[in-house]
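Dear colleague,

Please find the structure below, together with its sequence. My notes on what was found in it follow directly after.

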Amino acid sequence: QVQLVESGGGLVQTGESLRLSCVASGAIFSINTMSWYRQAPGKQRELVASISDSSNTNYADSLKGRFTISRDIAKKTVYLQMNSLKPEDTAVYYCRAEGVRTLSLNGANYWGQGTQVTVSS
């Protein structure tokens, strides 16, 4: 059973920083891409950033320069460093793992439960 568990969310003020973590657990051999998405109230879930197993990164254009995604493959963990936070960054942030290879599955995708980030003005 593969699980993704996010942590690091919370309530911060405008301009502050947060670092989110997402750990994948289970009998995982490899994960192709790990990503962060977010969903604000009343809006669709959107891609924040992704990172491949070869460390190629991709960011939402509006977030480049403020957010940084990184990954520790050995620890099956992905991080999201968020700087200069704004009220419009308020959302539930979800971790996603794509192309997960386990004993019984090859190429499955998984979502975490999400962690709330609230930025007050």
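A salt bridge is taken here as a side-chain nitrogen of Lys or Arg within 4 Å of a carboxyl oxygen of Asp or Glu. This is a predicted model, in which local features need pLDDT of at least 70 and side-chain atom pairs count only at pLDDT 80 or more, while totals for chains, interfaces and linings use all residues. Residues are numbered from 1 along each chain as its sequence is written, and side-chain values use heavy atoms, with hydrogens and water left out.

On the overall fold, the protein has 11 strands and zero helices, where strands (E, at least two residues) and helices (H or I, at least four) are DSSP runs numbered from the N terminus. For 121 residues, a compact globule would have a radius of gyration near 14 Å, and the 14 Å of this protein agrees with that; the radius is taken over C-alpha atoms, and the globule rule is 2.2 Å times the number of residues to the power 0.38. The C-alpha trace spans about 45 × 25 × 25 Å along its principal axes. Of the contacts with a separation of 6 or more, 55% are between residues 24 or more positions apart, a contact meaning heavy atoms within 4.5 Å. Of the 121 residues, 42% count as buried, which stands for under 20% relative accessible area, whereas exposed stands for over 50% and partly exposed for the range in between (1.4 Å probe, protein chains only).

Turning to the charged side chains, the structure holds five salt bridges. One of them joins aspartate 89 and arginine 38, at 2.9 Å from N to O. Because aspartate 89 lies in the loop between β8 (77–82) and β9 (91–102) and arginine 38 in strand β4 (residues 28–39), this pair ties together parts that are 51 residues apart in sequence. Both partners are buried, aspartate 89 at 1% relative accessibility and arginine 38 with a relative accessible area of 8%.

Aspartate 89 also forms a salt bridge with arginine 66, whose closest N and O atoms are 2.8 Å apart. That pair links distant parts of the chain, since arginine 66 sits in the loop between β6 (57–59) and β7 (67–72), 23 residues from aspartate 89. Arginine 66 counts as buried too, at 13% relative accessibility, and salt bridges that share partners join Arg38, Glu46, Arg66 and Asp89 into one network.

Lysine 64 and aspartate 61 form a further salt bridge, with the closest N and O atoms 3.3 Å apart; here aspartate 61 is exposed, with a relative accessible area of 63%.
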